[in-house]
Amino acid sequence: MSSVPRLVIAAPSSGSGKTTVATGLMAAFAARGLAVSPHKVGPDYIDPGYHALATGRVGRNLDAYLCGPELIAPLFLHGARGCDLAVVEGVMGLYDGAAGEGELASTAHVAKLLGAPVVLVVDASSQSRSVAALVHGFASWDPGVRVGGVILNKVGSDRHEELLREALDSAGVPVLGAVRRAQQVDTPSRHLGLVPVAERGSAAVEAVAAMAAQVSAGCDLAALEALARAAGPVPGGCDPWTPASPALHATRSAGKRGQGGPEPSAGNPAPVVAVAGGPAFTFSYAEHTELLAAAGADVVTFDPLRDEQLPEGTAGLVIGGGFPEVYAGELAANEPLRKAVAELALGGAPVAAECAGLLYLCRELDGQPMCGVLAATARMTQRLTLGYRDAVAVGDSVLAVAGTRMRGHEFHRTVVEPGAGAAPAWGVRAPVRRVEGFVQQGVHASYLHTHWAAEPGVARRFVERCRTS
């Protein structure tokens, strides 16, 4: 298991074509009959949806800031269990990590933690011989990072490809593919990046198929597979992460312990935890639902755009991230569900809401009525709020006891007014010291996306509150 074949797909910068090449490779390898494990470096929720479409498996994130470096290999092995090969798509440029934290959470950092060879995707559209200097610099910058090959992207012609290959002969890094630009591979974007798979339907399927065809035609799949199989054991000799026994993996929280409550017993019925899904709520980490189920919950997904009632017997509610601003009118029109959510929350049931979930619980979003659980309003802005955050729980809640430290990530173009309730959810250190979010009765609502694998007591505590509320 620790020797699972693997590749990291990186690039010199964002916009080079990592997602196209990584997704195309995943789909191409899957078409060859391989069970492919898809992964994404960083907190991105959108790319894993395309990865899942390409492989038929859940796309998983590997974020060394949110989860800590010590959990990267265990989480990778958990996701890759039973697979023939793993493909890890990087984030930003190869060496770009958390601001002010050196290599932490960069693609290079994750590649080293996994002992995985890197394939560098280079946008060659505006260069020829200079590509050799670029590749040489990236390959030699950090001796701990093994750049095992280059895929040239956006190649304009046969002659262009010939010039690029001639230049790279002297760089010492093999060319493993040359991909031409194709309109059908382009995926639409909007204010927070690519449009998620759940919103595109058959168009997303066609786009992934086009990526696979283009990568298959332009890349040496046999050489790429051979590079992956030469990776060797994952460093550290660790075991796969498991949601059933998260205590096996150390957490980094400097806050209070024992927040999870007793383990579920055979005599206790499984509380129903409803998890929002559908096109408006597409942002979630697979490990969250796995941890909830391992803590004894009966996890049921519902779609706030279409379902007029919560799942039968709902004892707790999890509303993650997404694009409620795109669907504000449709969410507002589903008045029966908005009332059901309000009744559940105001009745004291545990509710965990992140970012999009926070907006949905407000009185209104861009003038459209939402659930009215929180005495706050939300609206779109032109300003992008983006970045990692160090946070500490201000008081006790259904997710954590006061003093619990977690790391989170913000990514939105909305503002909630006021930004915090009388009992805030988190005290945040960066970029400025502030409090944010809302804790009231059983509700914990915040802009921060967190990864519960870093603090598995969050899921245990939430499920226990569902049993007793």
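The second largest pocket of this predicted model has a volume of about 720 Å³. A pocket here is an open set of points on a 1 Å grid over the protein atoms alone where a 1.4 Å probe fits, with protein on both sides within 12 Å along at least five of seven lines; lining residues have an atom within 4 Å of a point. The volume is the space filled by probe spheres set on the points, which are joined across faces, edges and corners. The lining comprises 36 residues, and Phe281, Thr282, Phe283, Ser284 and Tyr285 lie nearest the centre of the pocket. Elements giving two or more residues to this lining include α2 (47-55), β10 (272-276) and α10 (286-294). The largest share, 4 residues, comes from α10. Helices (H or I, at least four residues) and strands (E, at least two) are DSSP runs, numbered from the N terminus. By class, the lining of the second largest pocket has 21 nonpolar, 13 polar and 2 charged residues. Ala, Val, Leu, Ile, Met, Phe, Trp, Tyr, Cys and Pro count as nonpolar, Asp, Glu, Lys and Arg as charged, and the others, Gly among them, as polar.

Helix α8 (residues 202-218) packs against α1 (residues 18-31), with axes that come within 7 Å and cross at roughly 85°. Axes are lines fitted to C-alpha atoms, for helices over the stretch in contact, and angles run from 0 to 180 degrees between N-to-C directions. Helices α1 and α8 are therefore roughly perpendicular, a term for angles of 65 to 115 degrees. Residues in this contact (heavy atoms within 4.5 Å) include Thr19, Leu25 and Ala28 of α1 and Val208, Met211 and Val215 of α8. They divide into 8 nonpolar, 5 polar and no charged. The axes of α2 and α8 are 10 Å apart, at an angle of about 70°, which makes α2 roughly perpendicular to α8. Here Tyr50, Leu53 and Ala54 of α2 meet Ala204, Val205 and Val208 of α8. This contact has 6 nonpolar, no polar and no charged residues.

The peptide bond from Glu417 to Pro418 is cis, with omega near 0°; Pro418 is found in the loop between β17 (405-417) and β18 (426-428).

The average pLDDT (the predictor's confidence in each residue, from 0 to 100) is 92 for the chain, and 92% of the residues score at least 70. Over residues 246-265 the pLDDT is below 50. Residues are numbered from 1 along each chain as its sequence is written. In this predicted model local features need pLDDT of at least 70, side-chain atom pairs count only at pLDDT 80 or more, and totals for chains, interfaces and linings use all residues, while side-chain values use heavy atoms, with hydrogens and water left out.

Definitions and conventions. Angles under 35 degrees count as roughly parallel, over 145 as roughly antiparallel, 65 to 115 as roughly perpendicular and the rest as oblique.
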